[in-house]
Structures are given as structure tokens and as C-alpha cells.
Amino acid sequence: MALERLFLRLVVLAVATATALLLPAPAQAQAESGWQLCNRTSYIIEAAVGHAEGAGIQVEGWTKLAPGTCEVALPGPLVPGTHYLYGRGSDAHQGGGREWGGRYELCVDPTGGFALESPPDCASMGLEAQGFRPVKIDRADSWTNNFTEIENWSLDNARNAGLQRLLDEAGIVSGTIDGHIGSRTRAAINDFLKLKGLPADTSDADLIDYLEQAADERSRAVGFTLCNRTKQRVWSAIARRSTDGWESRGWWRIEAGGCARVIDRPLRGSEHFVYAELEEPGGIRTLSRASEAFCVGRSKFAISGRDKCEEGSYRTALFARTPAPTERKLVYEFFERDFTQAPQ
């Protein structure tokens with residue numbers, strides 16, 4: 001299981017999503033004093049940075065980056081050397097949490113802004129461990145890093161693509177996310193402004209804020225959320241019947257006291273299942289009242305079908321049935337009592 005966890009860490013945090021990258025900015029973009037972060041993605045990103053402070057590492061967050069914008073996350077002068085960078089997508093976005101990071105674990109406060117010296121044990125301090133990417137900074141005046149997607153948007157295209165994504169997620173219009181504002185996108189923006197009673201000359205920055213709020217409210221009213229009420233880290237997966245048959249998906253890492261929204265659209269059907277592994281120093285504990293067999297992978301997975309798992313290079317795991325969703329929404333909580341006894 002340790003090898004599975006290591007491989008998953010490499011996939012999820014080094015690559016973040018299938019298309020997410022962290023790149024140094026071209027020299028002409030390095031103008032602001034300090035460490036500047038630029039968001040060339042269609043997602044709203046919250047960033048945290050780390051830097052050496054005495055014998056430890058000072059971690060600060062969250063710097064909010066709207067699509068197509070740049071912000072200074074660490075004012076100058078900079079101390080040349082190794083710094084650390086992590087980004088997470090806004091909760092308003094659909095499709096599960098997105099991360100931009102690496103393998104160097106530091107503590108963050110997931111609930112709000114913070115500045116702290118990362119302790120060796122995050123959970124005991126009510127904090128959450130996240131994988132940061134080391135960044136070698138060799139200038140004292142300024143440095144810039146870009147958050148990017150596979151599309152490699154310019155800042156202008158990223159802003160446009162971000163507006164298109166949020167219009168979709170807020171339920172205003174569903175269309176192509178191509179980074180170009182055409183007649184359909186303009187009409188959708190006008191519809192949203194009228195719906196909210198906002199002036200026609202609302203700035204792009206304010207428009208993105210309003211759309212994020214609308215998308216977040218919409219997503220919280222539906223979907224599937226898993227919450228970890230134990231004192232240890234939990235790795236979780238879900239299974240359900242889709243339009244194409246049975247499917248299973250994972251993994252979601254949920255720190256002690258944390259939650260993960262694993263489906264952010266209205267739930268269809270009444271049969272949903274969960275799987276979880278509770279990490280303890282002595283070994284792994286699984287759900288004790290689990291009897292439904294589904295396939296799970298060694299790294300992040302989405303598997304169609306639930307039979308002959310080993311023939312597909314997967315393994316079979318026993319999932320527990322959840323209660324039926326209420327009003328297209330389901331929240332499932334993992335407690336210590338739900339797991340098998342700790343290994344002797």
C-alpha cells in the first residue's frame with residue numbers, strides 16, 4: 001500500500017491534473033518587485049508560497065488569482081534559494097479539486113488566510129499537509145511563475161476562458177471554452193448582469209467575483225461530499241451506476257477534519273457506494289461494513305464495470321452502501337467507528 005501511496009503522490013501532486021503545469025514566466029513578464037504569480041488558466045486559483053525563515057520554512061497563503069491576472073505573493077527583496085509553491089482551484093469549479101504542486105509536503109490552513117512556520121505534524125495543529133513544488137529563485141529583485149493549462153493561454157485568453165467556464169458552472173450557458181468572447185458569450189454575460197441587477201459596465205474582475213459566488217452557491221446545493229471525522233488521513237473512492245453501467249472513481253485524499261466534494265452535479269439514481277482507507281502508523285484500516293465489490297486502481301482512476309478487476313490490472317475492494325441522496329445531494333461522513341480494528 002505504501003508503494004501505491006507514493007505513486008499516487010507522484011501523479012496527483014507532481015502533475016496536479018492531467019493538463020496542469022507550473023512554468024517559470026518569460027523574462028519580459030518579470031517586472032513586479034517580489035515573487036509574482038500569473039494565472040494563465042481558466043480556473044480561479046488560490047496560491048500558497050513557502051520560503052526559508054531561520055531554521056524553518058515560513059508558509060503564507062492564500063493569494064487569489066483570477067484567470068488572466070498576476071499578483072505578488074511574496075514581496076521583495078527576495079532571498080535567492082529554494083522557495084515552494086502550491087495552488088488549488090476554487091471550490092466553485094466543477095469536476096473535483098484541482099491542484100498545482102509537487103512532492104514537498106508543507107502545512108497550510110485550508111480554511112482561510114494564514115502565515116505560519118510549517119510544523120512537523122500538520123494534523124496536530126489543525127492544519128493540512130499539501131504537496132508543494134520547489135522553485136529555485138536566483139534573483140533578489142523579482143521572479144515570476146505561471147500557472148498554466150495544456151492550452152497555454154495568454155493572459156487575455158485565460159481571462160476570457162475563465163469567464164466562459166464560470167458562466168457554465170453558474171448555470172447561465174453551456175458552451176465551448178475557447179478563450180474567445182463571441183456573440184454567445186456576450187449574450188450570456190448580459191443575461192447574468194440583468195439577472196443580478198448589475199450595471200452593464202461591470203468590470204471583468206467584479207464579474208468574475210459575482211460568477212464565482214453564483215457557481216459556488218449552485219454547486220453546494222447538489223452533489224456528493226465526503227467528510228473525514230477521524231484524526232488520521234483518509235484515502236477515499238466512490239462507486240455508482242452511470243448511464244453506461246457501473247463505475248468506480250478515486251482517489252481523494254481527505255485530511256483529518258476535512259471534506260472533499262467528489263461529484264458537483266445533481267445526483268442521479270439512489271445507489272452510491274464509498275470505499276476508504278484510514279492511514280495509521282501500524283497499518284491501513286478499511287470500512288468494516290463493506291460488502292459490495294468494485295475495482296480500484298493504484299493511482300487516480302476512473303473504471304467502468306465492477307467484474308474481473310485483476311484482469312484489468314486493478315484490484316477488488318469492498319465498498320459500503322450510502323444512504324439515498326436527498327434532493328439530489330449526499331454528504332457521507334467517515335468516523336473512527338466505521339473502520340476495522342487497528343492492526344496489532
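In the predicted model described here, helix H2 (residues 155-169) comprises 15 residues and spans 21 Å from its first C-alpha to its last, close to the 21 Å expected at 1.5 Å a residue, the expected span being 1.5 Å times one less than the number of residues in the helix. Helices (H or I, at least four residues) and strands (E, at least two) are DSSP runs, numbered from the N terminus. Residues are numbered from 1 along each chain as its sequence is written, and side-chain values use heavy atoms, with hydrogens and water left out. Because the model is predicted, local features need pLDDT of at least 70 and side-chain atom pairs count only at pLDDT 80 or more, whereas totals for chains, interfaces and linings use all residues.

The secondary structure of the chain comes to 4 helices and 21 strands. Of its 344 residues, 50% are buried, where buried means under 20% relative accessible area, exposed over 50% and partly exposed in between (1.4 Å probe, protein chains only). Among contacts between residues at least 6 apart in sequence, 73% join residues at least 24 apart, a contact being heavy atoms within 4.5 Å.

The buried residues of H2 include Ala158, Leu163, Leu166 and Leu167, and also Arg165 and Glu169. These buried residues of H2 pack against strand S2 (34-40), helix H3 (183-196) and helix H4 (204-220). Just after H2, Gly171 takes a positive phi of about 80 degrees. Within helix H2, Asp156 and Arg159 lie 3 residues apart, about one turn of the helix, and they form a salt bridge whose closest N and O atoms are 3.1 Å apart; a salt bridge is a side-chain nitrogen of Lys or Arg within 4 Å of a carboxyl oxygen of Asp or Glu. An α-helix has 3.6 residues a turn, so residues three or four places apart point the same way. Asp156 counts as partly exposed at 47% relative accessibility, as does Arg159 at 23%.

Helix H4 has 17 residues and reaches 24 Å from its first C-alpha to its last, close to the 24 Å expected at 1.5 Å a residue. Among its buried residues are Leu207, Ile208, Leu211, Glu212 and Asp216, and what covers the buried residues of H4 includes S4, H2, H3 and strand S15 (259-263). The side chain of Glu212 meets that of Lys64 in a salt bridge (2.5 Å, N to O). Because Lys64 lies in strand S4 (residues 56-65) and Glu212 in helix H4, the pair ties together parts that are 148 residues apart in sequence. Glu212 counts as buried at 11% relative accessibility, whereas Lys64 is partly exposed, with a relative accessible area of 41%. Strand S4 also holds Trp62, and the peptide bond from Gly61 to Trp62 is cis, with omega near 0 degrees.

The structure holds 18 salt bridges. One of them joins Glu247 to Arg240, with the closest N and O atoms 3.1 Å apart, and Glu247 counts as buried at 10% relative accessibility. Salt bridges that share partners also join Glu105, Arg233, Arg253 and Glu255 into one network.

Arg233 and Glu255 are, together with Asp121, Ala123 and Gln232, the residues nearest the centre of the second largest pocket, which is lined by 15 residues. Strand S10 (128-137) and strand S16 (272-280) are the elements that give two or more residues to this lining. The lining divides into 7 nonpolar, 1 polar and 7 charged residues, where Ala, Val, Leu, Ile, Met, Phe, Trp, Tyr, Cys and Pro count as nonpolar, Asp, Glu, Lys and Arg as charged, and the others, Gly among them, as polar. On a 1 Å grid over the protein atoms alone, a pocket is an open set of points where a 1.4 Å probe fits, with protein on both sides within 12 Å along at least five of seven lines, and lining residues have an atom within 4 Å of a point.

Several loops were also examined. Pro77, in the loop between strand S5 (70-74) and strand S6 (81-89), is joined to Gly76 by a cis peptide bond with omega of about 0 degrees. In the loop between strand S19 (301-304) and strand S20 (315-321), Lys308 has a positive phi near 50 degrees and counts as exposed at 63% relative accessibility.
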